[in-house]
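Hi there,

I'm passing along a structure for you to open on your side. Have a look at it first, and then read on for my notes.

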Amino acid sequence: MKNRGILIVLSGPSGTGKDSILRELKNLRSDFEISVSCTTRKPRVGEIDGKDYYFLTKDEFKQKVDAGDMLEWATFCGNYYGTPKHELEDRLDAGLNIILEIEVNGAEQVIRNSSEAVSIFVLPPSVRVLKERLKNRGLDSEEAIEMRTKEAEREIALAENYDYVVVNDDLKECASDISKIIDSEKLRIIHRKNIIKEVLKNERVVSR
């Protein structure tokens, strides 16, 4: 019997290095997948349906919302974005650990709608360091950086609503902390019920 996978919600302000953390985490372990979201925007060059996003029409997206098949969803710049519930459930039932990288508003919906979700918030070492990182990216104007910094402060104030908080001061250490969280969560009773059933049936169980 396979144990159900773990749903991990990962949030943090822009500039905290979430994508880099996930790349480093892939170097540490191979027992997780990144959740694929749905969107109604047009595919960009090189993007693949089912890998980067599930590309839907607005009617298709609304049908999924009406059917209750979106764990969370939101609109941004005139397009819909969301996490398909049934796709996620199928992968979790297959024993896969799924990481959902998502902003705080979407994370709030997931935490509210899924009692088993494990939420992790990524903090910068300080707001000053975060602002320096945003400047060093060279992607935004000074005005945009100020707006992103203020938004980051708002998001950081919500970190206490999460199960875990990690600080991305050292990339490898931060990824290692998240890996330890996954290992710890795998031992919780909500994820080990199948093992209890195996023991009661006198089947030999190995740690996994």
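Below is what turned up on pockets and cavities.

This is a predicted model, where local features need pLDDT of at least 70 and side-chain atom pairs count only at pLDDT 80 or more, while totals for chains, interfaces and linings use all residues. Residues are numbered from 1 along each chain as its sequence is written, and side-chain values use heavy atoms, with hydrogens and water left out.

The largest pocket holds about 1900 Å³ of space. (A pocket is an open set of points on a 1 Å grid over the protein atoms alone, with protein on both sides within 12 Å along at least five of seven lines; a cavity is a set where a 1.4 Å probe fits but cannot get out; lining residues have an atom within 4 Å of a point.) Its lining has 47 residues, and Lys18, Tyr53, Glu101, Ile102 and Glu103 lie nearest the centre. Elements giving two or more residues to this lining include α1 (18–28), β7 (97–101) and α6 (142–156); helices (H or I, at least four residues) and strands (E, at least two) are DSSP runs. By class, the pocket lining has 21 charged, 15 nonpolar and eleven polar residues.

There is also one cavity of 30 Å³ or more, with about 60 Å³ of space in the largest cavity. Among the residues lining the largest cavity are Ser35, Tyr54, Glu87 and Arg91. Two or more lining residues come from each of β6 and α3 (85–93), and α3 gives the most, with three. Five of the cavity's lining residues are nonpolar, two polar and two charged.

Best wishes

Key: Grid points are joined across faces, edges and corners, and a volume is the space filled by probe spheres set on the points. Ala, Val, Leu, Ile, Met, Phe, Trp, Tyr, Cys and Pro count as nonpolar, Asp, Glu, Lys and Arg as charged, and the others, Gly among them, as polar.
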